[in-house]
Structures are given as C-alpha cells and as structure tokens.
Amino acid sequence: WLNEKYTLLPISNITILTFESVYPNLISKICNTNLENFNIVFSKLLELYSTNKDTSLKEYINSTYGCLQNKQSIIYSNNIHLVPKTLTSLFNEILKEFESNIIYIDTDQIFFRNFEEIEHRFESTMISLNKYDLPYFYERSKFGLFKSKKSYIIEENSNIRIKGMKHYNKDGISRGGKICL
C-alpha cells in the first residue's frame, strides 16, 4: 500500500518499522502440519538464526514456506493460507488507525512520517494488535522519495538505498542498490 499523498514528494523525518522474520514467526505460531513438534523445532531454528544470522539457515527457514504449501511435502500445512491473511489483517488494522502518518507498507515494513507524534498511541495499539508477539524494531531515516510500490529511495545510516529503480554511475554503468555518501 502506498499513500498517494506522499508519492513523488521528498519526505523527511521517516521512521521504518520492520517486523523481523515475519513469515517464519507466524508460521511457527499458527501453522498445523503432519509432523509432530514441527512448531517447537521451527521456533528453535528461528531462535538459533536470531543469534547467529547464518545465511544457509535463513535459506532453509525461508524455503519452509513453500514446503508448507506443497501437498506432497511431509510438512504440508492445511492452514498456511493464514500466514499472509494474518499479516494483511494486522497491516489493515494499523492502516485504519494511523493512515495519515503512513507513507508505505511493504511485505514486512511500514514507513511512517512524523512517527514521534503517534509513537505512544501506536505502541499502545500494538499491544492489542500484535497477538502473536511478532518482533519488530524501528529505524530512523532523514529523507526518502517513494515513486510506486517496491520503488523508492531512502536514506539509511548516511547511505542511500535505491529499491526498484535503475540507477547509474557517472560512466553510465548500472549500480547496485546502495550508494555511500
């Protein structure tokens, strides 16, 4: 979701709320599988990943979502559809309450403008909305520009992150997604 009143306008004072491993955390709390103790074991994998950030473990954790959807898989879940539905419901409730301060909502992030004006009320609201205790954190950004969904420029720790847009160096060569200032 992109708030049209902020499209293509330079925006300052941005706060980014990021849900950590949101799909895996929801999977560990709401999915039923044929495998006994799946949720306990999967939760332990998430704990392990949160302490050591091993990329191969992350790939395994992320691939689990696809396996849970496959009826031929030993860990098939008949309620995997509740994962995106639950996240969408959470985002819709947040949007309903704080739409005027929300710039953009992506898969696991919400970009706010002037968050300090609503921070206390937001935290109080999250106590009741965050039924699955999804972990999240905040980052501040000095400025950003949002073109469309999945297409924006934002300052991150004195660097510029460009998402979903082609960008080139002075020689016309395509660059990666981060520019150091």
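**Exercise 1.** State which residues Ile110 touches, residues up to four places away in sequence being left out.

*Solution.* Contact requires heavy atoms within 4.5 Å.

The model is predicted: local features need pLDDT of at least 70, side-chain atom pairs count only at pLDDT 80 or more, and totals for chains, interfaces and linings use all residues. Residues are numbered from 1 along each chain as its sequence is written, and side-chain values use heavy atoms, with hydrogens and water left out.

**Exercise 2.** Determine how many residues of H1 are buried and what covers them.

*Solution.* Helices are DSSP runs (H or I, at least four residues) and strands likewise (E, at least two), numbered from the N terminus. Buried means under 20% relative accessible area (1.4 Å probe, protein chains only). In H1, 7 of its 9 residues are buried, namely Val22, Pro24, Asn25, Leu26, Ile27, Ser28 and Ile30. The cover over these residues includes E1, H2, H3 and H4.

**Exercise 3.** Describe how the axes of H1 and H4 cross, and name the residues in contact.

*Solution.* Axes are lines fitted to C-alpha atoms, for helices over the stretch in contact, with angles running from 0 to 180 degrees between N-to-C directions. The axes of H1 and H4 come within 9 Å and cross at roughly 115°. H1 is therefore roughly perpendicular to H4, a class that spans 65 to 115 degrees. On the H1 side the contact is made by Val22, Tyr23, Leu26, Ile27 and Ile30; H4 contributes Leu82, Val83, Pro84, Thr86 and Leu87.

Notes
Buried means under 20% relative accessible area, exposed over 50%, partly exposed in between (1.4 Å probe, protein chains only). Angles under 35 degrees count as roughly parallel, over 145 as roughly antiparallel, 65 to 115 as roughly perpendicular and the rest as oblique.
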